[in-house]
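Hi,

Here is the structure I promised to pass on.

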Amino acid sequence: MLISSGPTREPIDAVRFLSNYSTGFLGECLAREAVRRGHRVTVVSGPTDRAPLARATTIQVERAAQMQRALRHALPRADVLIMAAAVCDFRPVPIGATKLARRGRVALRLQATPDIVAGLPRRRGQLIVGFALEAEQVRERAGRKLTAKRLDLIVGQRLNGSGPPFGRHRVDAMILHPSGQARELGRISKPALARVLLDEIEQLWYGQQRQSTSHGTRRLRGFGTRMGA
Ligand code: C5P
């Protein structure tokens with residue numbers, strides 16, 4: 001299982017960057033839960049204060065472009081990608097090579113970063129799971145992202161008055177399937193969300209494995225409690 005986690009940082013100049021409040025706690029909860037269930041886990045993590053999990057492989061990256069490269073490299077060997085990282089949607093261009101001097105007003109020009117998950121080359125049978133944080137119309141907007149980004153599941157989260165859902169805060173979440181089926185989770189802690197989401201992913205994975213073996217189209221790659229070979 002490949003899990004992206006944490007924020008990305010996009011440099012403004014030699015000493016400053018643009019980022020967001022993501023702490024990597026959600027990605028860590030997902031990785032812990034996956035390891036606890038016996039899956040082999042690789043975490044591609046943006047910069048966080050959290051110590052890497054001892055029983056997972058962690059690849060540390062900083063910028064969205066580096067996260068994209070690391071995921072492209074690791075995805076061919078993964079059965080599941082959970083794209084939990086809060087990737088910066090913009091990066092400053094051009095980046096100052098040295099420290100910009102302080103002055104009254106500075107305008108930053110921002111360029112959209114690549115939509116990493118939407119552009120990843122996949123192989124048949126891989127499960128790709130994303131997240132969407134929405135201020136309103138969560139079900140509709142998350143549903144549109146599920147289709148546009150070619151995901152197998154998306155977790156829609158409501159951005160409400162209690163501030164951004166980063167760190168140890170509970171989140172207000174729902175899980176959407178491509179069929180339109182929605183599972184409302186209400187306010188839920190991140191460790192609990194990780195358990196529910198891993199249940200859904202395992203159900204999908206083992207379901208599709210059963211289907212393909214019963215049709216003789218794909219052999220199981222030898223796992224008991226563990227996905228993949
Ligand atoms: O479009 P939006 O940013 O709401 O989509 C969120 C989902 O897309 C998350 O799973 C996030 O990790 C992923 N994402 C990405 N590349 C970006 C921005 C978001 O893969 N540049």
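Thr113 touches Glu10, Ala64, Val87, Cys88, Asp89, Phe90 and Arg91, leaving out residues up to four places away in sequence; contact here means heavy atoms within 4.5 Å. You'll find Thr113 in the loop between β8 (109–112) and α3 (116–119). Helices (H or I, at least four residues) and strands (E, at least two) are DSSP runs, numbered from the N terminus. Thr113 counts as buried because its relative accessibility is 11%; the classes are buried for under 20% relative accessible area, exposed for over 50%, and partly exposed in between (1.4 Å probe, protein chains only). A polar atom of the Thr113 side chain also lies 2.6 Å from the backbone oxygen of Cys88. For polar contacts the rule is a pair of N or O atoms within 3.5 Å; within protein, one must be able to donate a hydrogen and the other to accept it, and residues adjacent in sequence count only if both atoms are side-chain atoms.

Before you go further: this is a predicted model, where local features need pLDDT of at least 70 and side-chain atom pairs count only at pLDDT 80 or more, while totals for chains, interfaces and linings use all residues. Residues are numbered from 1 along each chain as its sequence is written, and side-chain values use heavy atoms, with hydrogens and water left out.

Now the ligand. It has 13 residues around it, and the closest are Met83, Ala85, Pro114, Phe131 and Lys145; a residue is near a molecule if one of its heavy atoms lies within 4 Å of it. One from Met83 is 2.8 Å from an oxygen atom of the ligand, one from Ala85 is 2.7 Å from a ligand oxygen, and one from Val117 is 2.9 Å from a ligand oxygen.

On to the sheet. It is open, with 8 strands in the order β5-β4-β1-β6-β9-β10-β11-β12 and mixed pairing; two strands pair if DSSP finds at least two bridges between them. β5 (57–60) and β12 (182–188) are at the edges with a single partner strand each, so one side of each has no neighbour in the sheet. On average, neighbouring strands are turned by 15° against each other, direction ignored. For angles, axes are lines fitted to C-alpha atoms, for helices over the stretch in contact, and values run from 0 to 180 degrees between N-to-C directions.

Going through some of the pairs:

- β1 (residues 2–5) and β6 (residues 80–83) are parallel over 3 bridges, with Ile3 opposite Ile82.
- β6 and β9 are parallel over 3 bridges, and Val80 faces Leu127 there.
- β9 and β10 are parallel over 6 bridges, with Ala132 opposite Gly156.

β9 is mostly covered, too, with 7 of its 8 residues buried.

Which helices lie on these strands? Helix α2 (residues 64–74) lies across β1, β4 (42–45), β5 and β6, at about 175° to β1. Helix α4 (residues 138–148) packs on the sheet and touches β9 (127–134), β10 (153–158), β11 (171–176) and β12, its direction making about 150° with that of β10.

Helix α1 (residues 25–36) has 12 residues and reaches 16 Å from its first C-alpha to its last, close to the 16 Å expected at 1.5 Å a residue; the expected span is 1.5 Å times one less than the number of residues. Of its 12 residues, 10 are buried, including Phe25, Leu26 and Val35.

Most residues other than glycine have a negative phi. Gln137 sits in the loop between β9 and α4 and is partly exposed at 46% relative accessibility. Arg150 is in the loop between α4 and β10, again partly exposed, with a relative accessible area of 46%.

Last one: Arg170, in the loop between β10 and β11. Buried or partly exposed? At 48% relative accessibility, Arg170 counts as partly exposed. Setting aside neighbours within four places in sequence, Arg170 contacts Arg187, Ile188 and Ser189. Its C-alpha is 9.6 Å from that of Gly186, 16 residues along the chain.

Cheers
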